[in-house]
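Have the structure open as you read.

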Amino acid sequence: MTDHLLSLMTFFPLVGMLIVLFLPREADRLIKTVTLVVTIIVFLISLPLAFDDVFATSSAMQYTEFAHWISIGQYFQMNYNVGIDGISLWLVMLTTFIMPIAILSTWHAIDKNTKGFMALALLLETGMLGAFIALDLFLFYVFWELMLVPMYFMIGIWGGKNRIYAAIKFFLFTAVGSLLMLVAILYVYYYSIQAGVPFDNGFSVAHFAQLDIPAHLQTWLFAAFAFSFAIKVPMFPFHTWLPDAHTEAPTAGSVILAAILLKMGTYGYVRFAIPLFPEATQQFIPFLSFLAVVGIIYGALVAMMQDDVKKLVAYSSVSHLGFVMLGIFALNLQGLSGGMLQMINHGISTGALFLIVGFLYERRHTRLIAEFGGLSKVMPVFATIFLIVTFSSIGLPGTNGFVGEFLILVGAFESSLRVFAVVATTGVILAAVYMLWMFQRVMMGKITNPKNEKLKDLSAREVVIMLPLLLFIFWIGFYPNTFLEKMNPSLENLIQQVKSKQQISMMIDHVEPSTIRVAVND
Amino acid sequence: MENLVQIAMQNVNFAAIMPSLIVTCFGMGLLLINVFLPRGTTRPAVWISLIGLVVAGISVVSGWGNPQYGFNDAVAMDNYAAFFCMIFLIAAGLTILMSDDYLTREGYPVSEYYPLILFATAGAMWMASGTDMMTIFLGLEVMSISLYVLAGFFRGQVRSNEAGLKYFLLGAFSTGFLLYGMALIYGVSGSTKLAEIGIYLNAHASLLSNPMTLAGLVLLSIGFLFKIAAAPFHMWTPDVYEGAPTPITAFMSAGPKAAAFAAFLRIMEYCFFSLKPEWTMMLWVLAVATMIIGNVIAISQTNLKRMLAYSSIAHAGYAMVGMVAANEIGYSGILFYMLAYTFMNVGAFAVLVLAGKKGEDNLTLEGFSGFGFKRPFLGVAMTIFLFSLMGLPPTAGFAGKFYIFAGAVKAGYIWLAVIGVLNSAVSLYYYLRVMVYMYFREPNEDFAWVAMPATVVLSIVIAILGVFYLGIIPGEVMEFAKQAIF
């Protein structure tokens, strides 16, 4: 059972998808229930991972599985090589945790072609989980691309007015980046073969990380990986697909996109780009940190000026992920663990915000801030929940956002990025401005629009959706150690590995190695 | 004359031409049988030709790993030829499956159609197995002449006539180039046998820079580049593909294109290995031009057949990348890619066959609005084929592109691989747009389309299975492709 826990977890949604595909098209409620049950089962399958104490002591990959997948003579060896460590643990848990919530949020929101939507959602879950556990770059690439297709259709079929534009933009942006990454993956592969990595290891990340790739090659390869991940994060200036995709996607799509898909980019840096190319990372840190800080400030300023709640939340994501990137590039334990924790936080609080926007939209069929006002009078429960989530998004002490942002800023301040940390701090203030201002205009004051007078407060289902998210907002806010202690060994190991490689390369003092080319002849 | 006959008869080895012999015999037998069938009865011809293809397939498979040479080394049924023969047989089989109801719908239930496909297939087989300029030329002509007729098969339709005539005129012209090239090479080397030419050129280094050799190489290449629709010799493709009957378009984009690649690659490897740096440089430029022209022009197309025509130009460009790489992975990548392309492209055309109304005026993007919801099976099938054409995992198209670009990276052509993947990115746009119309738009008219005949559905299902088989577990076929190259 535990031998194949990860595979079971990853491919169970696929089984669920097949079941859904064979259900009758009209059985709307049945399809939703089956999908919900499947996602809950996946969550239960993954639950033992969260309670496994091995992550608190060991930085090694756990629950690993290995099988040869595609073997072609002496050409290629692709392996099914999966495993989980402290870096991917909480992201996997976040995925399995968010999915049932996202499905539950569609109960009334999705009414046309339910079958298609649920099948795609389950396919998406397989793609996301697979990408988080893949330890073989080829396998990772397959899952990475697999995620694109369902999200493309989710936005395109069930999205808002401008959905076609948003869907195509989302697909093209992500695909362009990943195609360049594919060339880089191939190059690293041939480099590793030439460097004597056993053929049988295939595209194994762990083995690639041990290569000593010359600095000038690292620059190019890192650029290809970083470009692909930067689009996905998204970092300024590659973020333009995000507001469109977020705004047009249906609520469940936005939640999944914000909570999990964006984390693929940041995860990609931590898992692949940084350990594979440590020296290039060193070169790129000032540049990428600069972009991260620009993203923080720019995202916050643009969010402030939005008149659509959903767009505001979308731009706030740009700002928040800027923090995550800054923490990662601090490359010390505080920064990295803050970055990792902030990924989870962002998943929870922004996921919750999109759900809240969805509740509003279902009631009024508009998301314009000007249409609302004084809602706290008629919807007290909703107002309370909204306020807590708002605080979490701002990063008020006692909520999860505070812990993450604090660690990131401390980490950045202690590293070479001190100036960036100072500038980034204003982002926290700006976050308070745009979130509170929005909250004030939507919830406080007198009800000016008569249409808002008879709005119903949250239903039991809606409260049930929000409660688990609130639980984790406070859990992480008050006792983050539950999460930090299980990611720290892996992160420490990563930092040590990267630092030692960087030091070696500095000691060699750039004796330019003779240009190493991949052989022309077989 | 007697002397020639003696030389040829010494080396009679029917095993070397068995598959094409079978296909030809079935074709000729079918012509005779057709005489006795009442007009408009085409069903028997479908089954007889399918049986012929299956029998030929069995002979190909049973001959794997046991190369046969014959007719004074004019023909070689080696693994390379066998792999390509399999591609032709699959392409022909899928085409025949989707043709019958289509011909009836369009008002041309004529059973001569099937022998012509068989003859074209036989011609393609000779091109793939020919080791003598003459055999290759003979195969090319047999294949092309059958295709000229097939392209113009709907004799009452202006578009089909245009396709036939255009293909014939330009094809004849390009054949002239090819023949001229062959003549020059013969003049230089004194032989028409590929292997002998190669050895002769290699032994006489001074000949390599001789204008006559280079002119011969260029003219030969032009002849083949025309057939594979590489830029700048692609101009005929959109018009011919759009005008020809849809199943024939599917066949042309898969079988004959693969045949041209087979002969082109064999000639380049056998005859001109001494000039490899020169012709890889030439193909580098042409591959880039072909990919860019095909992809960029495809963006502005609104007719699906025309769009797929331009996309097929682009796909020829990807395959040429494998030739530029000129290493094992690149070459076996081409073989794999041709097979993958056969499944995905013929599958896509099979969906078009069912989507079209009589006269096929509705094969525009606009005509596909809401298609995915009205015809769920066809919509999903088309989506799978389009994702495969894009090159997304886990489909055949991804595996194919992966090997070809891997070959390029391994050979050190990083920039070519980068240009190639960027071109893939461009192609995403026009493939995605088809899905936009199929799924993201409301249907704007009532769909009163033809029923779904079992044979066409069968061809679509086979194509889907092929796409996923080659995409998820490509190892086995890639292993065959590896054994197939020289």
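The notes below cover confidence, the contact between the chains, the core and one hairpin.

## Confidence

This is a predicted model, and the predictor gives the complex an ipTM of 0.90 with a pTM of 0.92. Chain B has an average pLDDT of 90, and 96% of its residues score at least 70.

Within chain B, the lowest mean pLDDT among the elements, 62, belongs to helix 1 (residues 2-10), while helix 5 (residues 113-129) has the highest, 95.

## Where the chains meet

Chain A brings 31 residues to the contact and chain B brings 31 residues. On the chain A side, strand 1 (62-72), helix 6 (137-158) and helix 7 (163-194) each supply at least two residues. Helix 7 of chain A gives the most, with 14 residues.

What is the make-up of the side of chain A that touches chain B? Its residues divide into 24 nonpolar, 3 polar and 4 charged.

## The nonpolar core

The largest nonpolar core holds 396 residues, and Leu326(A) and Val324(B) touch the most other members. Leaving aside residues up to four places away in sequence, Val324(B) touches Thr280(B), Leu283(B), Trp284(B), Ala287(B), Ala408(B), Tyr413(B) and Leu416(B).

## A hairpin in chain A

Strand 1 of chain A pairs with strand 2 of chain A in the antiparallel sense, over 8 bridges. Glu65(A) stands opposite Val82(A), which lies in strand 2 of chain A. The hairpin has 3 residues between the strands, and Gly73(A) takes a positive phi near 40° in this hairpin. Strand 2 of chain A (residues 76-84) is mostly covered, with 7 of its 9 residues buried.

Notes. Residues are numbered from 1 along each chain as its sequence is written. Chains are lettered from A and ligands numbered from 1 in the order in which they are written. This is a predicted model: local features need pLDDT of at least 70, side-chain atom pairs count only at pLDDT 80 or more; totals for chains, interfaces and linings use all residues. Two residues are in contact if their C-beta atoms, placed from the backbone, lie within 7 Å. Helices (H or I, at least four residues) and strands (E, at least two) are DSSP runs, numbered from the N terminus. Ala, Val, Leu, Ile, Met, Phe, Trp, Tyr, Cys and Pro count as nonpolar, Asp, Glu, Lys and Arg as charged, and the others, Gly among them, as polar. pLDDT is the predictor's confidence in each residue, from 0 to 100. A nonpolar core is a set of buried Ala, Val, Leu, Ile, Met, Phe, Trp, Tyr and Cys residues joined through C-beta atoms within 7 Å. A residue is buried if 20 or more other C-beta atoms lie within 10 Å of its own, exposed if 12 or fewer, and partly exposed in between; C-beta atoms are placed from the backbone. Two strands pair if DSSP finds at least two bridges between them.
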